[in-house]
Amino acid sequence: QGQLVESGGRLVQVGDSLRLSCAASGRTFTSHPMAWFRQAPGEDRVFVAAIAWNGGSTYYADSVKGRFTISRDNAEDTVYLQMNSLKPEDTAVYYCRAGSSGGGWLTIYDTNYWGQGTQVTVSS
């Protein structure tokens, strides 16, 4: 079946930077578009950023545009989320999600490939 494993979340201060990783385990996701979502306490899980299977295109929520960068290394079968200028409102559990193999980035909404999440807490 395979799984996605997130890592890198921790407690940071306002303005700090942090890089999250999402590694494939048990199968490959190199042909899949990939995305990051986040869920703050008491709120719905929301889209943060996505990247095409070949890394050629990226997409961001307005709330993180200019501060976050999604990237991937298909040789390592890993997706990254570089987060700069962190704010308290970025506090959430961050989840990795895979779309359909060979599909466009919007197929991230068509699958059930989720990681277990990693907690990011931004303290003021």
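The paragraphs below begin with a covalent link, move on to the pairing of strands, and end with aromatic rings and the charges placed over them.

This is a predicted model, and a search of the whole structure finds one disulfide. The disulfide joins Cys 22 to Cys 96, with an S to S distance of 2.1 Å, and with -80 degrees about the S-S bond the link is left-handed. Because Cys 22 lies in strand S3 (residues 18-25) and Cys 96 in strand S9 (residues 92-98), the pair ties together parts that are 74 residues apart in sequence. Are the two cysteines buried or exposed? Cys 22 is buried, with a relative accessible area of 1%, and Cys 96 is likewise counted as buried, at 0% relative accessibility.

Which strands pair with S9? Strand S4 (residues 34-39) runs antiparallel to S9 and is joined to it by six bridges, and within this pairing Ala 35 has Arg 97 of S9 as its bridge partner. Strand S11 (residues 118-123) is also antiparallel to S9, with three bridges between them, and here Ala 92 stands opposite Val 120 in S11. Strand S10 (residues 113-114) pairs with S9 in the antiparallel sense over two bridges, and in S10 it is Trp 114 that stands opposite Arg 97.

The aromatic side chains come next, and the count of aromatic pairs comes to seven. In one of them, the rings of Phe 29 and Tyr 113 have their centres 5.4 Å apart and their planes at 75 degrees, so the pair is edge-to-face. Phe 29 lies in the loop between S3 and S4 whereas Tyr 113 belongs to strand S10, so this contact ties together parts that are 84 residues apart in sequence. Phe 29 counts as buried at 2% relative accessibility, while Tyr 113, with a relative accessible area of 25%, is partly exposed.

Tyr 95 and Trp 114 form an aromatic pair that is also edge-to-face, 6.2 Å centre to centre and with 85 degrees between the planes. This pair links distant parts of the chain, since Tyr 95 is in strand S9 and Trp 114 is in strand S10, 19 residues apart. Tyr 95 is buried, with a relative accessible area of 12%, whereas Trp 114 counts as partly exposed at 24% relative accessibility. Both residues belong to a cluster in which ring pairs link Phe 37, Phe 47, Tyr 59, Tyr 95, Trp 105, Tyr 109 and Trp 114.

Where do charged ends sit over rings of this cluster? The charged end of Arg 45 sits over the ring of Tyr 95, 3.6 Å from its centre, and the charged end of Arg 97 sits over the ring of Phe 37, 5.6 Å from its centre.

Definitions and conventions
Residues numbered from 1 in each chain as written. Predicted model: local features only at pLDDT ≥ 70, side-chain atom pairs only at ≥ 80, totals over all residues. Heavy atoms only, no water. Disulfide = S-S within 2.5 Å. Helix = DSSP H or I, 4+ residues; strand = E, 2+ residues; numbered from the N terminus. Buried < 20%, exposed > 50% of the residue type's maximum accessible area, 1.4 Å probe, protein only. Pairing = 2+ DSSP bridges. Phe/Tyr/Trp six-rings, centres within 6.5 Å; stacked < 30°, edge-to-face > 60°. Lys NZ or Arg CZ within 6 Å of the ring centre and 35° of its normal.
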